[in-house]
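Dear colleague,

Please find below the structure I wished to pass on to you.

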Amino acid sequence: MREPRSLFNPAPADEPFLSSADAKALITKVLSYATADEVRVLVNSGWAGNTRFARGEITTSGGITDTTVTVIATVGKRRASTTTNILENDALKRSVELAERLAKLSPENPELMPELGPQKYIPVEGFVQRTADLSPEPRAAAVKKVFDSINEQGRSLGELNVAGFLSVNAGAFAVGNNKGLFAYHRSTAVDLGTTARTPDATGSGWAESGSRDWANIDPAALGRRAAQKAISSHAPTAIEPGLYSVVLEPAAVGQLVPALIGSMDARSADEGRSPFSKKGGGTKLGEKIVDERVTMYSDPADPDLLSQPFDGEGLPAGRKVWIENGVLKTLNYSRFWAQKQGMQAVGGGGFGGGLKMNGGTKSTADLIAGCERGLLVTHFFYVNFLDPRTVMMTGLTRDGLWLIEKGKVTRPVRNFRWMESPLFMLNKIEEMGKPEHVGVGLVLPALRVKDFNMASLSDAI
Amino acid sequence: MTTNRRDFLKTSAAVTAASLAARNGFAMPAAPAPIPAPGADRYAEDLALEALNAARDAGASYADVRIGRYHRQQINTREHQVQGVNDSESYGIGVRTIVNGSWGFAATSLMTKDAVVRVAREAARLSRAAKSVQRRPIELAPSAPVKGTWMTPVMKDPFDVPIEEKIALLLKANENALKVGKVKFVTSGLQLLKEVKTLLTTEGTNITQTFIRVGPDFNATAVGDGEFQSFAEELSPRGQGWEYVLEMDMPGNAEKWASVAAEKLTAKSVEPGRYDLILEPTNMWLTIHESIGHPTELDRAMGYEANFAGTSFLAPPEKMLGKFKYGPEFFNIQGDRTQEHSLSHCMWDDEGVPADKFLIVEKGIFKEYQTTREQASWIAPITGTKHSHGCSFADSWSNVQFQRMPNVSLLPNEKNTTMDEIIAATDRGVIIRNHGSWSIDHQRYNFQFSGQAYHEVKNGKIVGMLKDVAYQASTPVFWNSMDMLGGKASYRLEGAFNDGKGEPVQISSVSHGCPPARFKQVNIVNTGRTG
């Protein structure tokens, strides 16, 4: 066991964030400065390391430690917050005083909910020591593996242009208040992504992998995948825009489906300004909104998701089944709106607890084999909302788009701008693949979807 | 002499109190003048020197140290409620090193001598690790060391304005907006920033700059029968003080803005097809940002952003510089960090390079990329420009500085063409006001933008309102299709707080100025599909 250490001279390089005991001590001290009716303190403490690479070399890299303290003061129905990363007693006192002063100056908020008392949380272990130990030297070695595997694959075309990013973080988030609530969660995350481009700049491939555990990331495999995509997408030809059957790899699905959850705010639905509002009033809760094969949920304790089991109010984040067999099962209720509507608020907002969508047992290759004519999509770029009434979005295909004919990938084609809504898309599913990890806290299947609207051509490679 | 942390905190509080007193009367000059720039605090300077020495001792041939103190205030309201008041402060130090020709960077919020020495050594360690996967040593373009202080010219520091006054202004705007029939929801807010940044380098630069930025926002939603429509007014964020927020007169204009949302409920859904497109500056700035600002970043053109934001169609540089026709003869694009009231206005960048003003496109031809000291040497043989254009910035003490866009603006027509003249000269067109949705591909060819309000023009007159409009085009075709451009009187400065680039993503504030312009036969799509 390590020696206890002072809060103000912490950060030995091997433990650069606060333990539960240190976070609790810090929160208790901050609370001792407070005079407001209710005070909540959030502590965010962590280390981040990164290594960025391009054109055959590491371009920038960094190592950062920081701890911030947020004070949320409530006086009657008035509330305000302050944040500081200066942890000396005087600065913390000033931060508390300022939060209390700002709260007193703010108008009453009739929708303000009182602070919560002590809560029970599901234990979730999202921390992996070997991830927290990923120092500059092994990161540089991993980058070298990416370069080597890409160059190995790409030899026939000359040297591929490679860029990418390896980022890692280890940290803790804690919440405490003067009603006895305390919650602490520590976690790690690591992500490695790389893009390979052919020397003639007519082919581009990409691969990325994220996990809480560095052992799950295989730099050489990612390099191979990016290189293979670059080589096989090389020299694409243009085909007409229009409606296509598409096989979306899980990464592409992961750029559309979460937007649907983001639109599931209960209040907007009740107030008639959401895709989940019913004409004439009320919401679509309990109605079938997508294909009956679709079920998706958030659950911090799910071994594939391992997310923070509480939110910034200290509200436990439990399992939330958003859609079950195509039926809208829940919307995202804030504590105020849940109370007003007689519903249950579950912590974590839309994305607390990660997101998992069920699927089938088939591989992406099987989905391609079952496609008469369509497109294979690697992922998307610059996805943005067009119409909140329908969750209509636009974006572009990127880093590998191929034509599928009679169950086989036949040739690379030029990228498209598309206009599609995940809500419409999940009503046009032909087949679902096996769910895969797309990133930390995100597990989704590949999908084959018909009539995906590829609206115009893009010259971008 | 060194100052300890406690003394520094006391001193800075006393200085603030003194400067407040000065502004409240005693030393106030007769005519209104901008607030003078504060200098570096001695504690920060001492720490920076410690870090520079530690970096040198660890083998750095070059090092720079940035100490940043960021004060942010954010107020959000909806209807009659305040949704949030947050005041945040972030203080820390970042050290960048070159050891054996490789970059390293490390940062900490712990402002003690031991911590900054450790961080300087960590940066050198990162440099050494990078060296193992490095092809050529980093070379920096020459830049004379600079010393001094600078501050955004502001008349009133927004952090000196009482919180009650800020909240009252927003709630009054909301109240007035809700007077409009069918307008059921309204949000408004203020984002305020004060950033004090000190930079010291091993070459002898020692500068302190204070940046002040304000960003108001307003959005109204009208609800009809099974339909809702929103309108966000373009309240461009600025490098200005509280005077700019007052100038926007949110309470006085809110009803007018909200009525646009209500009017949209009965607007006609656009018939897709080719139209002459008239863009107001409140919309066009974002198209400039995405299709000119980003592709003219040299790191993008060279593949440094390939894994994230993408590359650029303006590559390779030798085939594009001085050759690529971006737009018509009267099309001139300027990079400019000297522009008053703009978001990227400064005296020096984060490498101590003086703010630059340079033509990126001259008479329609692409002329210069945006550069940093490292990048300048990459293309000097082609452009003949040996110095950096001063485009190196970091969004925080905790992030490394890299190439960021200056204000990139479309210069006005020498002729004094007005918006009315452009409309009068148009037979079949669509006018787009304010920015809406945006999306552009990773080489900056194919883009699609929408707005907040759309009007149809027939035979030289505005005939009614449209909805569900977006325009889609390819960058080179689009800018070359410009056939009318407004004059100086119609030029406006817009911008955004949230330009993201790099890995880890850094957020930058940037302005774009332009007059209105007309584009021939642009593809208009209908975004209102229902199934």
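**The second largest cavity**

The second largest cavity holds about 380 Å³ of space. Please note that the model is a predicted one. A search of the whole structure finds 6 cavities of 30 Å³ or more.

The lining of the second largest cavity is made up of 32 residues, and those closest to its centre are A:Thr59, A:Thr60, B:Glu374, B:Gln401 and B:Phe402. Two or more lining residues are given by each of several elements: in chain A, strands E1 (38-54) and E2 (57-75); in chain B, strand E3 (102-108), helix H10 (373-383) and strand E14 (402-403). E2(A) supplies the largest share of this lining, with 7 residues.

**Helix H2 of chain B**

I would also draw your attention to a helix. Helix H2 of chain B, residues 42-57, contains 16 residues; from first C-alpha to last it reaches 23 Å, close to the 22 Å expected at 1.5 Å a residue.

At the N-terminal end, H2(B) is capped by B:Asp41, which has a side-chain oxygen 3.2 Å from the backbone nitrogen of B:Tyr43. B:Tyr43 is itself buried, as are B:Ala44, B:Asp46, B:Leu47, B:Ala48, B:Ala51, B:Leu52, B:Ala54 and B:Ala55. In an α-helix, residues three or four places apart point the same way, because there are 3.6 residues a turn. After H2(B) comes B:Gly59, with a positive phi near 105°.

Yours sincerely

Technical notes: Residues are numbered from 1 along each chain as its sequence is written. Chains are lettered from A and ligands numbered from 1 in the order in which they are written. This is a predicted model: local features need pLDDT of at least 70, side-chain atom pairs count only at pLDDT 80 or more; totals for chains, interfaces and linings use all residues. Side-chain values use heavy atoms; hydrogens and water are left out. On a 1 Å grid over the protein atoms alone, a cavity is a set of points where a 1.4 Å probe fits but cannot get out, and a pocket is an open set with protein on both sides within 12 Å along at least five of seven lines; lining residues have an atom within 4 Å of a point. Grid points are joined across faces, edges and corners, and a volume is the space filled by probe spheres set on the points. Helices (H or I, at least four residues) and strands (E, at least two) are DSSP runs, numbered from the N terminus. The expected span of a helix is 1.5 Å times one less than its number of residues. Buried means under 20% relative accessible area, exposed over 50%, partly exposed in between (1.4 Å probe, protein chains only). A polar contact is a pair of N or O atoms within 3.5 Å; within protein, one must be able to donate a hydrogen and the other to accept it, and residues adjacent in sequence count only if both atoms are side-chain atoms.
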